[in-house]
Structure formats: C-alpha cells, structure tokens
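Thanks for making the time, everyone.

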Amino acid sequence: MSHWLLRIPLAIVFLQQGIAKWPIDAETALAYELPLVVWAFVVLGEIGAGAGLLVGGALYKYFKEFGDLLTRFSGITICSIMTGVIWMSQPESFMEVILYDNFHVLLWVGGMFFALRGNRT
C-alpha cells in the first residue's frame, strides 16, 4: 500500500502539467520549439501517464497483469518525457543535470521506479 505515497503525487504532477497544456495548438508548440506532432505526444503522454499510474494501481486487485502492464508503460512514458525535457534544456554536462535539475531528475527516477517494478512494489 505504501506505493500510493509515490504513485499519487507523481500522477498529480503529470496530470496537472498535461491538463495545463491543453488544448493542443501550434503556437504553444512553437513557443517550446517543438513540432506539433511531438507536442501532441507530450501533452497526451503526460495526461495518459498520470491517469495510467492511478488506474494501473487501482486495477491491480482485479486484473493483475493488465494493471502491472499499465503501470510499467506509464513509467516508461514518464521517463521518455522527462528525458526529452532534460535534453531540451541543453545542459552542459551530466553533473549539471544531477546537481541543478533536481525536480526533473526526481520525476525521471519516479518513472523509472514504476517502469522497473510495476505493481510489484
């Protein structure tokens, strides 16, 4: 049950960020210097990953394999999005990311936790 203490805040952050970027439009994509297709994947991925973490955890009692798969896929999606965010900030070195980009690294680690462990926490 303790996995909910990590699952809920991580899902809330991703749902909040994804919903804040809704509706998907070309002007916002250009502001972030991303193609519209990539921007659409980011917005839908953030909303889907947040919802997937919550639904995957809730389905674990009834549909163990599907809930585990959904949690793992949401974790992989979180890692993919956070890797893109860190990459787009164009850090000078890996140590700069570790020392000064704590929030994104923490989200990446949370996503990696659920990608590797799934619902077997």
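Let me begin with tryptophan 39, which counts as buried because its relative accessibility is 2%, and the limit for that class is under 20%. Please keep in mind throughout that what we are looking at is a predicted model.

A search of the whole structure finds 2 aromatic pairs, and tryptophan 39 belongs to one of them, together with tyrosine 32, in a stacked arrangement with 4.7 Å centre to centre and 20 degrees between the planes. Tyrosine 32, for its part, has a relative accessibility of 48% and therefore counts as partly exposed.

The other pair is formed by phenylalanine 113 and phenylalanine 114, and here the geometry is edge-to-face, with 5.1 Å centre to centre and 80 degrees between the planes. Phenylalanine 113 is partly exposed at 33% relative accessibility, whereas phenylalanine 114 is buried, its relative accessible area being 0%.

Next, charges over rings. The charged end of arginine 7 sits over the ring of tryptophan 4, at 5.2 Å from the ring centre, and, in another such contact, the charged end of lysine 64 sits over the ring of tyrosine 60, at 5.7 Å from the centre.

Finally, the surface: Phe94, Met95, Ile98, Leu99 and Tyr100 make a nonpolar patch of about 600 Å². Of these residues, let me pick out leucine 99, which is found in helix H5, covering residues 94-100, and which counts as partly exposed because its relative accessibility is 49%.

Key:
Residues are numbered from 1 along each chain as its sequence is written. This is a predicted model: local features need pLDDT of at least 70, side-chain atom pairs count only at pLDDT 80 or more; totals for chains, interfaces and linings use all residues. Side-chain values use heavy atoms; hydrogens and water are left out. Rings of Phe, Tyr and Trp (its six-membered ring) pair if their centres lie within 6.5 Å; planes under 30 degrees apart count as stacked, over 60 as edge-to-face and the rest as tilted. Buried means under 20% relative accessible area, exposed over 50%, partly exposed in between (1.4 Å probe, protein chains only). A charge sits over a ring if NZ of Lys or CZ of Arg is within 6 Å of the ring centre and within 35 degrees of the ring normal. Patches are made of residues with over 30% relative accessible area and no salt bridge: like charges are joined within 9 Å, nonpolar side chains (Val, Leu, Ile, Met, Phe, Trp, Tyr) within 5 Å. Accessible areas come from the Shrake-Rupley method with a 1.4 Å probe; for residues, only the protein chains shown count as cover. A salt bridge is a side-chain nitrogen of Lys or Arg within 4 Å of a carboxyl oxygen of Asp or Glu. Helices (H or I, at least four residues) and strands (E, at least two) are DSSP runs, numbered from the N terminus.
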